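Here is a model to read residue by residue. Please go through it by question and answer.

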Amino acid sequence: MALTPPPDQDIVVVGATGDLARRKLIPALYNLHIESLLPARGGVTGVAPFAWDDARFREFARDSVATFSRTGIDAAAFASFADRLRFVPVEGGDLGPLRAQLTEERRIVYLAVPPSAFADLIAGLGKSQLADGASLVIEKPFGRDLESARELNRTLHAVIPERRVFRIDHYLGKETVQNLLVFRFGNSMFERIWSRDAIARVEITVAENIGVEQRGKLYEEIGAIRDIVQNHMFQVLAIIAMEAPISFDPEQLRNEKVKVLQAIHPVDPRQVVRGQYRAGEVDGAKVVGYRREPGVSRSSSTETYAALRVRLDSWRWSGVHFLLRTGKRMARRDTRVVITFRDAPLHLFRGEGMHRMHSGRLEVRIQPDEGIALRFVAKQPGPELVTQMVDMDFKYGESFKTSPPEAYERLLHDALDGDHTLFIREDEVESGWAAVQRVLDHPPAIALYDAGSLGPAEADRIAAPGGWTAFDDTA
Ligand code: BG6
């Protein structure tokens with residue numbers, strides 16, 4: 001269905017001079033603007049504790065679009081976008097000065113700030129009477145554990161009802177993650193094999209080659225479990241494991257996801273490996289270890305890597321291991337789901353000259369090289385019976401002749417339009433925290449790994465026999 005412009009409203013970005021705004025939000029708003037997918041009326045007001053004026057903010061926005069927009073920058077288009085841009089300096093949670101800038105009845109406020117600032121700003125929204133008619137978009141991580149997430153939900157609901165809250169998890173804005181829903185529920189052929197009967201294990205990997213970049217100070221407070229596992233990875237897990245919703249109504253979809261998150265057996269800290277990168281080499285360049293990154297303590301025990309073995313207490317998935325791993329400064333950027341099917345009940349093709357028997361598997365490449373591959377055993381041509389793994393491979397780039405658009409464009413548009421389908425509900429976020437609470441309470445010791453590697457060797461303990469499926473293993 002073609003997207004249409006959302007209703008008239010003002011857009012307020014709190015934290016408008018930060019990294020997220022610069023890299024993602026401003027370029028996404030610009031691209032929505034050129035596609036006529038911003039509200040016809042209403043400004044885009046940046047808020048931050050700096051003595052900037054509109055002109056300074058427009059300069060910042062120009063640089064951000066020129067550097068990060070997927071479509072580049074067009075001078076005329078930017079000029080008309082810049083007409084919408086305003087800046088209001090705000091210290092702490094007092095959002096009162098914003099009022100004079102807003103022209104519409106309706107508004108959306110995006111909190112692109114560190115989690116520690118959420119509570120004051122939410123209270124500030126209430127006090128400045130800006131909450132009436134406002135929707136709120138709030139970044140992850142939502143809280144830092146189950147108790148603080150509950151508390152934050154209470155703070156939020158005192159000011160804004162749940163139906164106007166949009167908890168963002170940008171993974172849901174990714175085409176490849178949305179396509180998982182279509183893959184599962186638009187086709188009937190996978191449903192018969194989508195359970196413990198046919199599936200031996202599910203591995204979800206979110207590997208990044210970047211380090212913590214300029215976010216060291218913030219990351220120190222967060223770590224990989226709060227940054228990636230509790231949100232992005234649990235969302236992918238929920239979509240892989242959920243039952244079919246009765247419709248794509250946002251509540252029906254979220255009901256099914258929340259059931260999966262509630263079915264996660266509280267993760268046992270003994271089934272978790274936490275790692276931290278030390279100096280090494282990534283893509284041929286030497287890089288420093290995490291403890292030498294700006295803003296990071298020299299004796300930090302924050303994890304930049306986590307591997308977890310997760311079980312679901314459900315009929316469909318009982319006995320199937322979900323193996324999750326994520327890390328920064330790994331050998332390459334690769335986010336994928338590997339679903340390994342059970343071995344054939346009898347190994348008929350064994351013996352001399354035979355390729356090692358592999359189980360068939362389905363690989364969903366979320367990024368990069370977006371696509372889905374089915375890998376199975378085939379007979380090599382020739383007089384002897386020799387087997388090898390082969391692929392049936394769907395590639396986004398080849399099939400659609402395009403690369404997927406930015407997640408934030410879709411999500412910003414949906415929030416402006418009041419559509420909750422791709423946003424996280426209160427009970428989802430709390431269930432995610434509940435699943436990892438024991439690990440947060442009793443974090444296992446840190447295992448160091450070289451930057452540019454596949455993570456700490458200790459993580460093999462969590463893997464299936466035979467180890468993790470290598471990222472690019474085609475054998
Ligand atoms: C963010 C995390 O949510 O996701 C970052 O806070 C991480 O640490 C980023 O780098 C990864 O996003 P993507 O879209 O590149 O996979």
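The questions below cover the ligand site, the helices and some backbone details.

This is a predicted model, in which local features need pLDDT of at least 70, side-chain atom pairs count only at pLDDT 80 or more, and totals for chains, interfaces and linings use all residues. Residues are numbered from 1 along each chain as its sequence is written, and side-chain values use heavy atoms, with hydrogens and water left out.

Q: Which residues surround the ligand?
A: A residue is near a molecule or strand if one of its heavy atoms lies within 4 Å of it. By that rule the ligand is surrounded by Lys 140, His 170, Tyr 171, Lys 174, Glu 208, Ile 210, Arg 215, Asp 227, His 232, Lys 328, Arg 333 and Gln 367.

Q: How many residues of the shell around the ligand are charged?
A: Ala, Val, Leu, Ile, Met, Phe, Trp, Tyr, Cys and Pro count as nonpolar, Asp, Glu, Lys and Arg as charged, and the others, Gly among them, as polar. The shell has two nonpolar and three polar residues. The charged ones number seven.

Q: At what distance does a polar side-chain atom of Lys 174 lie from an oxygen atom of the ligand?
A: A polar contact is a pair of N or O atoms within 3.5 Å; within protein, one must be able to donate a hydrogen and the other to accept it, and residues adjacent in sequence count only if both atoms are side-chain atoms. Tyr 171 has a side-chain N or O atom 3.1 Å from a ligand oxygen. For Arg 215, a polar side-chain atom is 2.9 Å from a ligand oxygen. For Lys 174, the distance is 2.6 Å.

Q: What percentage of the ligand's accessible area does the protein cover?
A: Accessible areas come from the Shrake-Rupley method with a 1.4 Å probe; for residues, only the protein chains shown count as cover. On its own, the ligand has 400 Å² of accessible area. The protein covers 83% of that.

Q: What is the omega of the peptide bond from Lys 140 to Pro 141?
A: Lys 140 is one of the residues around the ligand. Helices (H or I, at least four residues) and strands (E, at least two) are DSSP runs, numbered from the N terminus. Pro 141 sits in the loop between strand 5 (134-138) and helix 5 (146-159). The bond is cis, with omega near -10°.

Q: Where does Pro 368 lie?
A: Gln 367 also belongs to the ligand's surroundings. The peptide bond from Gln 367 to Pro 368 is cis, with omega near -15°. Pro 368 is in the loop between strand 14 (361-367) and strand 15 (371-379).

Q: How far apart in space are Ala 61 and Phe 78?
A: Ala 61 lies in helix 2. Ala 61 is buried, at 0% relative accessible area. Ala 61 and Phe 78 are 17 residues apart in sequence. From C-alpha to C-alpha they are separated by 9.2 Å.

Q: How many of the 11 residues of helix 6 are buried?
A: Helix 6 spans residues 175-185. Its buried residues include Thr 176, Leu 180 and Phe 183. Helix 6 is largely enclosed by the rest of the structure, because its buried residues number eight.

Q: Is Thr 302 buried or exposed?
A: Thr 302 is in the loop between strand 10 and strand 11 (305-310). A polar atom of the Thr 302 side chain lies 2.9 Å from the backbone oxygen of Glu 220. At 10% relative accessibility, Thr 302 counts as buried.

Q: What is the phi of Asp 283?
A: Asp 283 lies in the loop between strand 9 (280-282) and strand 10 (285-287). At 62% relative accessibility, Asp 283 is exposed. Asp 283 is not a glycine, yet its phi is positive, about 50°.

Key. Buried means under 20% relative accessible area, exposed over 50%, partly exposed in between (1.4 Å probe, protein chains only).
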